[in-house]
2 protein chains.
Amino acid sequence: MSPKRYLPILQWLPGYGRATLASDLLAAAIVTVMLIPQSLAYAMLAGLPPEVGLYASIAPLMVYAVFGTSRTLAVGPVAVVALMTAAAVEQVAPQGSPEYLGAALTLTLLSGLILTLMGLARLGFLANFLSHPVISGFITASGLIIAISQLKHVLGVEARGHNLLELLVSLGGSLEGVNGPTLVIGLCVLAFLHVARRWLKPGLGKLGVSARPADMLTRAAPILAVAVTTLATWGLDLEARGVAVVGAVPAGLPPLSLPGFEVGLWRELWVAALLISIVGFVESVSVGQTLAAKRRQRIDPDQELLGLGTSNISASLTGGMPVTGGFARSVVNFDAGAETPAAGAFTAVGIAIAALLLTPLLAYLPIATLAATIIVAVLSLVDVKAIRHTWNYSRSDALAMIATIGVTLGHGVESGILAGVGLSLALHLYNTSRPHSAVVGRVPGTEHFRNVQRHAVETDERLAILRIDESLYFANARYLEDTVMELAARRPGLAHIVLACQAVNVIDASALESLEAINARLRDADVRLHLAEVKGPVMDRLQHTEFCREMSGRVFLSTYDAWRALHGESDGTPSPPGAIGLPLR
Amino acid sequence: MSPKRYLPILQWLPGYGRATLASDLLAAAIVTVMLIPQSLAYAMLAGLPPEVGLYASIAPLMVYAVFGTSRTLAVGPVAVVALMTAAAVEQVAPQGSPEYLGAALTLTLLSGLILTLMGLARLGFLANFLSHPVISGFITASGLIIAISQLKHVLGVEARGHNLLELLVSLGGSLEGVNGPTLVIGLCVLAFLHVARRWLKPGLGKLGVSARPADMLTRAAPILAVAVTTLATWGLDLEARGVAVVGAVPAGLPPLSLPGFEVGLWRELWVAALLISIVGFVESVSVGQTLAAKRRQRIDPDQELLGLGTSNISASLTGGMPVTGGFARSVVNFDAGAETPAAGAFTAVGIAIAALLLTPLLAYLPIATLAATIIVAVLSLVDVKAIRHTWNYSRSDALAMIATIGVTLGHGVESGILAGVGLSLALHLYNTSRPHSAVVGRVPGTEHFRNVQRHAVETDERLAILRIDESLYFANARYLEDTVMELAARRPGLAHIVLACQAVNVIDASALESLEAINARLRDADVRLHLAEVKGPVMDRLQHTEFCREMSGRVFLSTYDAWRALHGESDGTPSPPGAIGLPLR
C-alpha cells in the first residue's frame, strides 16, 4: 500500500526536468487556446452560464494531475456529458434559475463521489458492461441530438425538447422568427470550421507547412472564429439587430461553492449521476489507454476512477460542472508533446488567466458562434456507417446498437443507454442459453474428430460423441438436457453418449444437476454417459461430486481415447483401461 | 403446422384401447383420493374457500389432457403457487372479501394468458434463467414460510404476516389463546402423517405387502386423517369446544365465473402472475421431464406452456385458482400405472363427483387437519443440506441460493425470487468478465502446450502464447486488452504474442474492436499479434473484417504451428510457410 499507488504524481514529479517543462508548457498553451471556446460552449450546452465551463477547466485539471495515471489525458467539460447534465438537471429545476445551478453542482458532486467510491471498491470493471456498439450508438445519437438542439442558436429562435421529435417539432414551429444576422454569423462559422477541418490541414501542407504545425493551426480555428465574430458583433453593433451574445461574464477566479445536501435532490439525481459517471469514465479510459499504449505506458482503470472522481468533487466545490477526459483535446495535448500531467496543471493556469482577464471580451461573443463550434465538433462523432459495419459482423451487436440509437433519439439519453445495456446483456444471455453443439465423428485414420454434418467421418451407431461449444451454466443447462435426451430418443440403438468438453470452461451447480439428471435418465434408458477432454479446473471440482460417483460411464482424457475404448467394445475387441478422473492439465 | 403439434391428444386418443383404459382408471382413482384433501388444503393456504380448490381440480385437468404433452403429469393446486397467490392477492383485497375471490380469478386468468402467449412465442427458454440453486432455495424458504403460517391453525389462534419475522412475532403474541382440542387434533394428525411417511411403507413391507400397494396406502394417509378427525369432531361435538371447522361447502359442479377486466387490477397483478407462471412452469416441466424420460418419452416445453396456460384460463372461468403440475401427485399417477392424459380427465370426474356428493361431509372437517397435511407436505420440500452441498461445489451458486432464501424469508416470495435471479445473473456476468487465461509453453518433445506456472515447459523470451479460456464478448473485451497490454509492458524483449483461441466460441463486435486496438497498440510497440486454433464459425466471421486485413501477424492452425514458425524465426532458422486464415473445422 505505497502512497505511489494512490498518488501517481509521486512517480513523475521527483524526476521532473527542464526539457519536460518546456514540452509541457508548449502543449499547455495550445490546449488552452482550444479549451476556452469548448468550455464556454459545453457550459451553454449544459444550460449553465458560460463561466461555469471555465471554472470546470481549472481545479479539476490540477487535481487530475495529482491523482490521474494518464500522462496526457486532458480533462474538462465534454459534449456528451454536458448533454446528459442538461437532461438530468432540467428534471428538477428550470434552466436559468439558481436552483438549476445548485442542482448541477450537486450532480457534479454526486458523480465525483460515485467515481471515487467505485475506485476505492475497484469497480472499474462495471464499465465493461457498456459494449462498444452501445457506446458507439449512444455517441452517434447524442451527437445528432446535440447538433439539432444547437440549431436554434444558429437560427436565432427559441426551441426545446429532450428527444428528436420534440426538438424538430419545436424548431419547425419557430421558423418564422429566424434572425437574419444571427443566421449569417452561424452559417459563416459553420462553413469556416467545416472548411478548416476538411481542407486547411492539407492546404497548409501543400504550402510547405509541416504536418504538426498545420494540425495545430487547424485546431485553433474555433478561437479564430470566436475572435472574428466577437469583433464583428462589437464593430457592427449586431446586438441591436437581434444577435444573441454571451453578455456580461464575471471576471475572476472560480468561487468556492457548496453543493446542496438535500436527501430528496440526491435521490432524484443519483441514477443520472451514475450514468454520467460511467459514460464519462468509459470515454476517458478509452482515450487514455489509446494514448498510453502509443508510448508503451499503462494506465490503471481503478486509479483513473479516483482521478476522475476527485476532479469532479473539486469541480463541485469551485462552481464547475461534470468533467471527464475529452477525446479531441487529449489527442492535441499528446501531439503537442505533453509528457506529464503537469501540462494539465499549466493548462489550468492558462484558463485561470483567461477567467481573470479575458471575460470582458466575451460580452460581444455571439451565441451562434459557440453553437456552430458545438455542431461541427459533435457531427464528427456521428458514425452512421458503423451500423452497417456492425450488422455485417454480428446481428446481436447491431440490434443493441440500433436500440440504443432509437431510444436515445426517441426518448432521451438516460433511457437510451439503459435500453442498450439491457438489450446487449439479454442478447448475450439468450445466445449463450442455446449453445452450439455438434455430433462429431472420427476423421478416418487420424485422432481428430469433426462435425458429422460438415465432414465425411467414421461414426458408430451404438456411440454418439457430442461436442459442446459453450460453458455449461444455468441458462443453458436445460437446453443441454433437451439436446442429449433428443439425441437418445432419436437413436434407439444407442449404448454410449460421450460429451466432449474441450470448450467447457465452467460447469455450475445447475449444469451439474442437469448432468446428474441426464445420467439418471440415460441409465433408465440403458445408455451410458461418458465425458472426454474435461479441463483441469473443471475436473478438480467435479471429482468430489455425487455425479462423478454415480456416472454410468467414464471420464476419458481425449475424445480419441473414448472412441478407442467404446468403438472397440462394440467391435468385440477388448477395451483398453480408461483413464478415469485424470485432469487435462 | 399439423394440428397434432398443438393438440397432442390426437397422438394418443385414436389408439386408445381397453387395457390402457383399465390402467388409467386405476391411477385416476388413487390420485383422486390423494387430491381431495390437497385441493382443500391448498385453497385454504391461498386464503380461498375450500371448494375453490376442488373446482381448480376439475376443468384444468380435462383441458390439460387435450393440450399437454406429458403422459403422466397430474395438474392442480400446489403449495408454493398457493402461497404466491395469497401473497399477491392480499396486496389488492382483504382475505374473505368478494374482491379477494375476484382478484384471485383475475390472477389465474392473467397467469393463463401469460403462459399461453409465452407458448405461442416459444419463450419456454425464459424458465432457464431460474437456476437450480435459486429454485431449490426458493422452495426451501417457501416451505418454511408455509409451515410456519399454518402453525396458527394447529394452535387454534390468529396470526398473519408475509415473512418469517412478521409471522413469528404475530404467532408469539397470540400464544395465550391456544385452543386445547384443536392442538390435540393438529398434533395427532402431524404425528400420524409423519409416522406414515417414515415407517408405514417399510412396516407394511415387513408384513409382506409388496412395494407398490404399500406406497399407495401411505399416500392415502391424509384422506384417512381427514375421515377420522371429521368423524371425531362430529361425534364429540368439538366445534362447540372451539375447534375451527371447514363449515358449509356448497355442493355442486364448478360455477361459470368471469374474471375482472379492470386495467388497474391487471396492472397491479401482472408481475405476480408472471412470477407464478414461471415458477409453476419450471416445477411442472421438471416433473414432466423426469417422468417422461423413465419411459423414453419426450415432452415439448413450448407446448407445455400452452397446456398449462389453457388449464389456468379454464380454471379462471370455472371458479378455480392457479394450477400447475404437482410433484407428489404426478409421481403417484405414474407409479399407479397411468399411461395417457386420460387418467387426468378421469381424476377430474372423480373430483367432480366429490364436489357434488361429498361436500356436506366436509362441514365437520377440522381446519387443523388440513394445516397439518400442508405442514407435513411442505416440510418434505425443505432441503437445508443443499446449501452446504452447493457451497462446496460453487461459491457463486451458493451465494445466489442464500440470497434467495434470505430475501424470501425476510421480505417475501416475489422479492426473494427476483433477488435470486438478479444475483445469479450478475455473478455469472461477473465471472465471465474476468476470464481465466494462462501463458503457456511447450511440453518438451511434444506438440502440447501447458500453463507455464503449473508445468516445466519450454518458453521463448521473444514469444508469448496466451491461452484464453472464455468466449470474448463486451464484458471481458477490455479485460483482454488489459491482460495483453500488461504482458507486453512486463516483457520488453517481446516480439510476438499468440492468442490461443481453442476455448473461444464467440468473438462479438466489442471484442473485435478490442482485438483491433490490441493489434494497433502492439504494432506501435513493435510487437506482432498472431492467433492460433481459431474455431471454424469464429474464423468465418473474422475473415471479412478490417482486423483480419490489418493484423500484424498470422492465423495459425495450431499452437504448435505458431511455435514452430515463431520460435524457429528467433533461432535464425528459416520459418515454414504459415497457414493463414484456415478455419479449424
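Two strands count as paired if DSSP finds at least two bridges between them. The model is predicted, so local features need pLDDT of at least 70 and side-chain atom pairs count only at pLDDT 80 or more, while totals for chains, interfaces and linings use all residues. Residues are numbered from 1 along each chain as its sequence is written, and chains are lettered from A in the order in which they are written.

**Stop 1: a sheet in chain B**

Select residues 437-442 and 463-468 of chain B. These are strands β3 and β5, which pair in the antiparallel sense over 4 bridges. Within this pair, B:S437 stands opposite B:I468. Strands of a sheet pair through backbone hydrogen bonds, either parallel or antiparallel.

Now show the whole sheet of chain B: it is open, has 6 strands in the order β4-β3-β5-β6-β7-β8, and its pairing is mixed. At the edges are β4 and β8 (555-556) of chain B; each has a single partner strand, so one side of each has no neighbour in the sheet.

**Stop 2: where the chains meet**

Show both chains. In all, 50 residues of chain B are in contact with 48 residues of chain A (contact: C-beta atoms, placed from the backbone, within 7 Å). Which element gives the largest share of the side of chain B that touches chain A? It is α21(B), with 10 residues. Other elements that each supply at least two residues include α8 (132-155), α13 (263-294) and α22 (509-524) of chain B.

Colour this side of chain B by class to find 18 nonpolar, 15 polar and 17 charged residues. Here Ala, Val, Leu, Ile, Met, Phe, Trp, Tyr, Cys and Pro count as nonpolar, Asp, Glu, Lys and Arg as charged, and the others, Gly among them, as polar.

Key. Contact = placed C-beta atoms within 7 Å.
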